[in-house]
Amino acid sequence: MVCLLDSGVNNLHPLLQSFLPDSNLYTYNESWGTGDSARSGGHGTGVAGLTLYGDLTDALSHSERIQIFYGLESYKIFHPQSSNDPELYGAITISAVLTPVIDRPNNPRV
């Protein structure tokens, strides 16, 4: 399991939905939701795709099946319209690391 700390992930993206169920989406602030809110159109979602597939140029250059042996978790730590107090960066990071571990302690993750 790979746990992403970012702007959230759009887990309905066709390349991601099999690897990131709703139960693996977390957020620091419930009012933000868990979906990707990056101004650039999906930073967290792009990172999730890169984590799973690497450079798609390589994946699309052959017709062999791509094998992925892990899933994703997403913990939203950032929202562009709601900045975090820098004094809380450490606490937010601790929450982002511990919440998925507490929720699913038997999932090996990075």
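**Strands, helices and rings**

Author: Let's start with one spot. Leu 4 stands opposite Ser 74 in β3. Keep in mind that this is a predicted model.

Reader: Which residue in β3 is the bridge partner of Leu 5?

Author: Leu 5 has Tyr 75 as its bridge partner in β3.

Reader: How many bridges join β1 to β3?

Author: Five bridges join them, and the two strands run parallel.

Reader: OK, zoom out. What is the order of the strands in the open sheet?

Author: The order is β1-β3-β2, three strands with parallel pairing. β1 and β2 stand at the edges with a single partner strand each, so one side of each has no neighbour in the sheet.

Reader: By how much are neighbouring strands turned against each other on average?

Author: By 20° on average, with direction ignored.

Reader: Now helices. Which strands does helix α3 touch?

Author: Helix α3, residues 89-103, packs on the sheet and touches β1, β2 and β3. Its direction makes about 135° with that of β3.

Reader: And α1, which strands does it lie across?

Author: α1 lies across β1 and β3. It runs at about 155° to β1.

Reader: How many residues of β1 are buried?

Author: Four of its five residues are buried, so β1 is mostly covered.

Reader: Change of topic: rings. How many aromatic pairs are there?

Author: The count comes to three aromatic pairs. One of them is Phe 19 with Tyr 53.

Reader: Why is the pair of Phe 19 and Tyr 53 called edge-to-face?

Author: Their planes stand at 90°, so the pair is edge-to-face. The ring centres are 6.4 Å apart.

Reader: Where do Phe 19 and Tyr 53 lie?

Author: Phe 19 lies in the loop between β1 (2-6) and β2 (25-27). Tyr 53 lies in helix α1, residues 43-53. They are 34 residues apart in sequence, so the pair ties together separate parts.

Reader: Tyr 53: buried or exposed?

Author: Tyr 53 is buried, with a relative accessible area of 19%. The cut-off for buried is under 20%.

Reader: What about Tyr 26 and Tyr 75, stacked or edge-to-face?

Author: Tyr 26 and Tyr 75 are stacked, 6.3 Å centre to centre with 20° between the planes. Tyr 26 is in strand β2 and Tyr 75 in strand β3 (residues 72-76), 49 residues apart.

Reader: Is Tyr 26 buried or exposed? And Tyr 75, buried or exposed?

Author: Tyr 26 counts as buried at 9% relative accessibility. Tyr 75 is buried too, with a relative accessible area of 2%.

Terms used
Residues numbered from 1 in each chain as written. Predicted model: local features only at pLDDT ≥ 70, side-chain atom pairs only at ≥ 80, totals over all residues. Heavy atoms only, no water. Phe/Tyr/Trp six-rings, centres within 6.5 Å; stacked < 30°, edge-to-face > 60°. Buried < 20%, exposed > 50% of the residue type's maximum accessible area, 1.4 Å probe, protein only. Pairing = 2+ DSSP bridges. Axes fitted to C-alpha atoms, helices over the stretch in contact; angles between N-to-C directions. Contact = heavy atoms within 4.5 Å.
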